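Me: I have a structure to go through with you. Could we take a few residues in turn?

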Amino acid sequence: MEIEELRRQCKRFFMCESIPLCQELLDVYANFFFEAVVNHNYDKVDSQADADAKMVLQMMMTKVLHLKNVLNGVDFTSKKGKSLNNIIDPTIVASLIRNIYETTGMFNLIYNEPKTKDEKQIKYLLWVHAGLSYRNRFDGVITLQENKDKMENELKQMESIRKEIEENPLFQSMDEKNQGKIRTMIKKKDYLIKFNGNEVSFLSWRELVKTMDIKGDKLDQIYTYFSLYAHPSNVAVFQFVNMFGKGESAYKSIVIFNLQTAFMMLSIFIADYIKTFPDVLKTYEEMGIVEQIVINFHNRVARGGNYDINESWKATG
């Protein structure tokens, strides 16, 4: 392919100025996820943590496909024959993108941000414990004995996790104050923490922008922004009116703007996943050169050239 034609094709996906083009780019991500699952689903893993990471990849693929489907919009005709023209609800799109942000941030926090195996183990175990703890809250509505037995097993698993965390060399090297912070996270059913040696800092979902090392302040408030849509806040209500009060261009522009964050998050996830499982780079490099450049572009825009997946971008001259 001539360089000018390569640049032209890549630029379409860099800008993504229409809904159909955004759907086409989502297909690029979905195709990578699918091929990575097919080619590496049965690769040997060293731990349950890594096995869970592979499942997160499959989850991300379904999120992309659902997001693409939502972009088809909805329409409706009542029994009396009155019609609602096809629309895309930006609040639904924003909720899906917030979930993609959370999944990308979680993966980075557990699998890429830790500097040692002990850090990774504690974060992973807190993540598992948090999930089991939330599910255990349904104990009052469980009636089947099979489910009761399962809950009892999970309670034992949670206790085992607590012991495993306390036996972790990093935990044992901490002073009482920082050990207390870990125990607080166990009680809170949370895992958003950062280590600085033996020191523990609490994180919020909004702060995962920094742990992912996203440059500048372009996404500092993006989680708060998407959360306004995800919850039935008054802000969400009056913004909803404005979305459709100026014709279809208003809500489509908002959707396209929101999707730029989705593309960044998906590209960051792919880069982090390949860093965790280097063998998957082969599958990435079997994609077309345009697809490689475009995925890496959105990762590079967010985090800079130090996070390049490969050097495919050099093909554009």
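Me: Let us begin with asparagine 178; is it buried or exposed?
Reply: Please note that this is a predicted model. Asparagine 178 counts as buried because its relative accessibility is 1%, and buried means under 20%.

Me: Which helix holds asparagine 178?
Reply: Asparagine 178 belongs to helix α8, which spans residues 176–188.

Me: What does its side chain reach in polar terms?
Reply: The side chain of asparagine 178 makes a polar contact of 3.5 Å with the side chain of glutamate 199. The asparagine 178 side chain also reaches the backbone nitrogen of valine 200 at 2.8 Å.

Me: And which residues does asparagine 178 touch, leaving out those up to four places away in sequence?
Reply: With those left out, asparagine 178 touches Asn198, Glu199 and Val200.

Me: Changing topic, how many residues are in the largest nonpolar core?
Reply: That core has 95 residues, and Phe33 and Ile182 have the most contacts inside it. Helix α12 gives the most to this core, with 15 residues.

Me: What does phenylalanine 33 touch?
Reply: Not counting residues up to four places away in sequence, phenylalanine 33 touches Leu57, Met60, Met61, Val64, Leu266, Phe269 and Ile270.

Me: Where does threonine 261 lie?
Reply: Threonine 261 is in helix α12, residues 248–276.

Me: Why is threonine 261 classed as buried?
Reply: Its relative accessible area is 5%, and the cut-off for buried is under 20%.

Me: What are the contacts of threonine 261?
Reply: Beyond residues up to four places away in sequence, threonine 261 touches Ile97, Leu219, Ile222 and Phe226.

How values were computed. Residues are numbered from 1 along each chain as its sequence is written. This is a predicted model: local features need pLDDT of at least 70, side-chain atom pairs count only at pLDDT 80 or more; totals for chains, interfaces and linings use all residues. Side-chain values use heavy atoms; hydrogens and water are left out. Helices (H or I, at least four residues) and strands (E, at least two) are DSSP runs, numbered from the N terminus. Buried means under 20% relative accessible area, exposed over 50%, partly exposed in between (1.4 Å probe, protein chains only). Contact means heavy atoms within 4.5 Å. A polar contact is a pair of N or O atoms within 3.5 Å; within protein, one must be able to donate a hydrogen and the other to accept it, and residues adjacent in sequence count only if both atoms are side-chain atoms. A nonpolar core is a set of buried Ala, Val, Leu, Ile, Met, Phe, Trp, Tyr and Cys residues joined through side-chain atoms within 4.5 Å.
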